[in-house]
Amino acid sequence: MSRVERLPNGLVVALEERDFPGVAFQLLVPAGAVNDPEGMEGAAALLEGWLWKGAGDLDARALAQALDALGVRRSSGAGLEYTAFAAAFLPEVLDEVFRLYALLLTRPRLPEEGLEAVRSVALQALLSLEDQPARKLLSELRRKVFRSPHGREPLGREEGLKGARAEALKADYRRRYTPKGAILAVAGGVSWERLRAALEPFLAWEGEEALYPAPELSEPHRFVLRRPTAQVQIGLAYPDVGPEDPGFYAARLALEVLSGGMSSRLFTEVREKRGLVYAVSAFPAGVKGQGLLMAYAGTTKERAGETLEVLRAEVERLAEGVTEEELSRAKVGLKTALVMADESIRSRAASMARDLYMLGRVRSLSEIEAAIEGTSLEAVNAFLRAHPYRDPWVGLLGEVEDV
């Protein structure tokens with residue numbers, strides 16, 4: 001069972017105590033591509049990298065060595081809706097770990113001489129998209145789907161990365177690196193009393209709440225990115241429901257039927273029976289306040305038209321319903337994924353943080369399992385009749401005309 005409290009400065013803290021010899025946390029800060037300042041797309045990515053250039057009396061090397069000496073396994077990155085900091089460590093170093101992370105958030109050095117190296121890395125990461133045609137297509141598909149900034153690429157844009165100046169980024173840090181809207185989820189072998197005492201340094205973290213725009217969709221349409229590639233990438237996007245919707249579990253079970261494994265409809269119909277693709281999948285890609293389902297296929301130029309036709313047909317055939325056998329496999333698949341996630345306290349901390357961001361509460365594993373098991377065939381098929389996946393956004397990348 002999780003305990004959730006809001007600290008006096010606005011930081012929301014959740015703990016799921018477990019009999020486990022380790023501790024993991026996920027900290028979400030309200031700085032993502034979606035609320036990057038206009039003309040500074042990529043600011044969140046730059047800030048995340050710049051932040052690690054030192055804090056308080058510690059320069060970048062000393063900060064890294066201090067965390068390494070504590071045995072902290074850590075990662076961080078700026079995403080679409082927030083910047084995430086994750087760490088796992090032993091309970092006995094809890095106080096010192098949180099002291100260092102509080103220092104990072106409240107007293108970052110942000111040295112101007114370190115910004116250019118951060119900018120260079122960010123530009124290289126953005127450039128690497130050109131060598132990843134599938135990801136490039138899906139990034140552009142998202143940009144076409146949303147009128148709002150939810151279509152932005154988390155890596156930023158070249159103009160925004162190159163044009164961001166140190167003073168503007170420091171002002172942006174003060175605006176968005178705030179405890180109001182931030183979420184800290186902790187899982188593992190630590191009590192609430194011990195955690196609460198370790199969080200004292202975070203009480204010095206101050207700031208006003210960062211604002212998020214509301215998601216807004218464009219009208220569905222098609223586009224082609226012509227590139228001299230050996231394969232053709234195909235992407236579809238359909239409006240969907242989010243976790244706050246009563247039909248959420250029906251939608252997730254239907255998606256599992258569509259693309260949940262080697263017996264799923266997409267794998268069977270598009271790849272195994274017809275041999276159209278080397279890769280095919282469908283996955284949720286929504287944001288807070290707007291669900292989205294995306295489907296992807298990679299194929300040859302000669303078979304692009306047929307692949308697109310079959311891919312669309314399989315997604316849209318869900319409106320005809322699923323079978324009892326398909327639903328049974330889907331439930332096993334989702335519950336297995338749930339159990340596997342439960343194996344890792346790092347995964348659990350991440351899902352707790354995501355729940356708090358999306359729903360304002362933490363779903364227990366037993367609640368999710370019961371909801372999956374309790375969703376009937378009638379409920380799934382009624383949802384699919386009422387919410388058919390039709391009229392998608394369609395994107396193509398490769399040496400191909402519109403098909």
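Before the first entry, my burial cut-offs: buried means under 20% relative accessible area, exposed over 50%, and partly exposed in between, with a 1.4 Å probe and protein chains only. I'm working on a predicted model, where local features need pLDDT of at least 70, side-chain atom pairs count only at pLDDT 80 or more, and totals for chains, interfaces and linings use all residues. Residues are numbered from 1 along each chain as its sequence is written, and side-chain values use heavy atoms, with hydrogens and water left out.

**Val12**

Is Val12 buried or exposed? Val12 has a relative accessible area of 13%, so I call it buried. I found Val12 in strand 2; strands (E, at least two residues) and helices (H or I, at least four) are DSSP runs numbered from the N terminus. Leaving aside residues up to four places away in sequence, Val12 touches Val4, Glu5, Arg6, Ala182, Ile183, Leu184 and Leu356, contact being heavy atoms within 4.5 Å. I also checked Pro179: it is 167 residues from Val12 in sequence, yet their C-alpha atoms are 8.0 Å apart.

Next I traced the open sheet, whose six strands come in the order 1-2-8-3-7-6 with mixed pairing. Two strands pair if DSSP finds at least two bridges between them. Strand 1 (2-6) and strand 6 (73-78) are the edges, each pairing on one side only. From one strand to the next I get an average twist of 10°; axes are lines fitted to C-alpha atoms (for helices, over the stretch in contact), and angles run from 0 to 180 degrees between N-to-C directions. Strand 1 runs antiparallel to strand 2 (residues 12-17), with five bridges joining them. Glu5 has Val13 of strand 2 as its bridge partner.

**Helix 12 on helix 14**

How do helix 12 and helix 14 pack, and at what angle? I get about 175° between helix 12 (residues 324-342) and helix 14 (residues 365-374), with the axes 10 Å apart. That makes the pair roughly antiparallel, since the cut-offs are under 35 degrees for roughly parallel, over 145 for roughly antiparallel, 65 to 115 for roughly perpendicular and oblique for the rest. Helix 12 contributes Lys331, Leu334, Lys335, Leu338 and Asp342 to the contact, and helix 14 contributes Leu365, Ile368, Glu369, Ile372 and Glu373.
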